[in-house]
Amino acid sequence: MSGAALGLEIVFVFFLALFLLHRYGDFKKQHRLVIVGTLLAWYLCFLIVFILPLDVSTTIYNRCKHAAANSSPPEGSNMTGLYATATSVPSQHLCFKPWSYIPDGIMPIFWRVVYWTSQFLTWILLPFMQSYARSGGFSITGKIKTALIENAIYYGTYLLIFGAFLIYVAVNPHLHLEWNQLQTIGIAAANTWGLFLLVLLLGYGLVEIPRSYWNGAKRGYLLMKTYFKAAKLMTEKADAEETLEDVMEEVRKVNESIKYNHPLRKCVDTILKKCPIDYQEKMGRNMDDYEDFDEKHNTYPSEKSLVKLHKQVIYSVQRHRRTQVQWQILLEQAFYLEDVAKNETSATCQFVHTFQSPEPENRFIQYFYNPTVEWYWECLLRPWFYRILAVVLSIFSVIVVWSECTFFSTRPVLSLFAVFIQLAEKTYNYIYIEIACFLSIFFLSICVYSTVFRIRVFNYYYLASHHQTDAYSLLFSGMLFCRLTPPLCLNFLGLTHMDSSISHQNTQPTAYTSIMGSMKVLSFIADGFYIYYPMLVVILCIATYFSLGTRCLNLLGFQQFMGDNDMTSDLVDEGKELIRREKRKRQRQEEGENRRREWKERYGHSREDSTRNRNVHIDPKESNFSEMSTNRSTSKYTRANNRTERDRIELLQDAEPLDFNAETFTDDPLESESGSQTASSMKSKVMFACLAISPQSV
């Protein structure tokens, strides 16, 4: 099994990152470099989280083996060096090799490749790709030039700081830094920045994740919050539509001014391809290709203004598409929560949906997850499951907060993570060690990464599911993951006292901490910032528990969901009315479709039968007589007969019963004309249609 666990986890983590990227990104529309860069960043970060428990178990085995090799067995005994005495190895246990043991020399190389690749992505490549993806240039050269100009200040700042540091070291005779020390200083600087942001995100996630599951058990709370989201999303949706209209108006003006033989016409065509299809058709119909651009002395836009317009088109179209998809998803969620509220009082114990799912469900799922099972899960079991899960997550959060405040204490050991790992280390229960490490890192990662997925920096950074995340946000998330994951793992190793700089013990370090170098070069960071700054998580958790950040955003004008706020109540009422309006609209659409289907099934077959019978039962005499009469008829009667036949066909194709109890009518021309007629006139039309399709009417 040597190395097999490592290989399996490498493959599993790759497909996990690919699945998440497919959920948030769009493989068909987004650039391949954006997909590859984001996938590589996510993959490396998830790989660190999943592989680190294997590194811990391998390190514990190597410590045991090293202690047993250094111990001297009694004379005349047959004990080998793998047996440890009571003074060196606890409990005199044999150093059993873990099932997931990784041979020596593999993990250091693996961590160096993973770490330095992620750092190259987050500090150099991904920022450049962000500017490249956001650029409105019309060629690869133009986009690269724009990206280099935008990142000149970004890269220049780093070079200036690094150059000043090198000059200081060269001038000061008391400092003699080698390459390894410079490498350690760079790693410490990156980890310090990551730890600063890590504690902020962790303090929010430790409280918000358990609270979200606890509130998820409250149906009324979820429904009110969904109404609140609907009101805010409708405002954003309207703003996105207005922005798109303004941008399309600018595109229309540019399209009309720059004709087919203008040198910048190719740029305009590129912009038109990024516009929605309906706008492309409108602009195509209004375009006159026979006008030369130099016949009228007009002022034409420059290439720089077209680049800016191209950038605006990409952003506005992406935002408009995203709000449309999110609105549909939010409607489905609201309808489902309303169905749950209605079915809670059902006496039949079967879940009834107001609207059927447009996508056909799997037969396997339909068989096991039938309406009865769905009712018991949604109305009875799910709230209790969420409450139990919230309590378990709250216990984990308390353990993390306590350990963050006490992990620097080695005698006595106060960090609960260190206590659990040391107890398992005494019995060499490697399975327990790996499970405990994985669950701990996984919980810390969920608290941090979920906050990354939830935060929203205005409209520039926003991770939206269902393939609605733009390239800029995907790359930005990859940058955050690469900057947060290394300090997250270092913090976990400090909590478990596997980091020798925290435990102050002369023991073999893990392969992960060995590539980080000794932090003694920067003692004020190793003994100060890394020890005391994580304690700030207590203050952040208290602030999150009392929703201080939400209240501050409300005061600044950014409306947040708060139960004791008048503005929140107004937005909830507005969202409720919007959901009710959309529900009535969908109900009318379904009723109209059902009526059309029934009408076609009822009268479509009878029309075909009457036509078939009419062709079969025609008498030869009648046919001869009709031919003679047709030859003698005038053009006046011919036009009259043709008009009558056309009216009868149109009536057969379009006539259908109307819903006189509906509040509004659809946009169907026949229904709009018939809305002013009485019920008796409608009945006469139906009778005329029946007479028209009968054989006796010929």
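Biologist: Which residues are linked with Arg252 in a network of salt bridges?

Modeller: The model is predicted. Side chains of opposite charge can pair when their charged atoms come close. Here Arg252 belongs to a network of salt bridges, and its partners there are Glu249 and Glu256.

Biologist: How many residues apart in sequence are the parts that the pair Glu338 and Lys583 ties together?

Modeller: The side chains of Glu338 and Lys583 meet in a salt bridge, 3.3 Å from N to O. Glu338 lies in helix H10 (residues 303-343) and Lys583 in helix H21 (residues 566-616), so the parts tied together are apart in sequence by 245 residues.

Biologist: Is Glu208 buried or exposed?

Modeller: Glu208 and Arg211 both lie in helix H6, 3 residues apart, and their side chains meet in a salt bridge of 2.9 Å, N to O. Arg211 is partly exposed, with a relative accessible area of 23%. Buried means under 20%. Glu208 has a relative accessible area of 14%, so Glu208 is buried.

Biologist: At which residue does H6 bend?

Modeller: The 38 residues of helix H6 (residues 179-216) should span 56 Å at 1.5 Å a residue, and the end C-alpha atoms are 53 Å apart, which agrees. H6 does bend, by about 25 degrees, and the place is Gly205.

Biologist: Which residues make a nonpolar surface patch with Trp99?

Modeller: Trp99 sits in the loop between helix H2 (32-70) and helix H3 (106-134). Its relative accessible area is 40%, so Trp99 is partly exposed. The patch is about 370 Å², and Trp99 makes it with Ile431, Ile435 and Leu439.

Notes:
Residues numbered from 1 in each chain as written. Predicted model: local features only at pLDDT ≥ 70, side-chain atom pairs only at ≥ 80, totals over all residues. Heavy atoms only, no water. Patch = residues over 30% accessible without salt bridge, like charges linked within 9 Å, V, L, I, M, F, W, Y side chains within 5 Å. Areas by Shrake-Rupley, 256 points an atom, 1.4 Å probe, with all protein chains shown as cover. Salt bridge = Lys/Arg side-chain N within 4 Å of Asp/Glu carboxyl O. Helix = DSSP H or I, 4+ residues; strand = E, 2+ residues; numbered from the N terminus. Buried < 20%, exposed > 50% of the residue type's maximum accessible area, 1.4 Å probe, protein only. Expected span 1.5 Å × (residues − 1). Bend = angle between axes of the 7 residues up to and from the residue.
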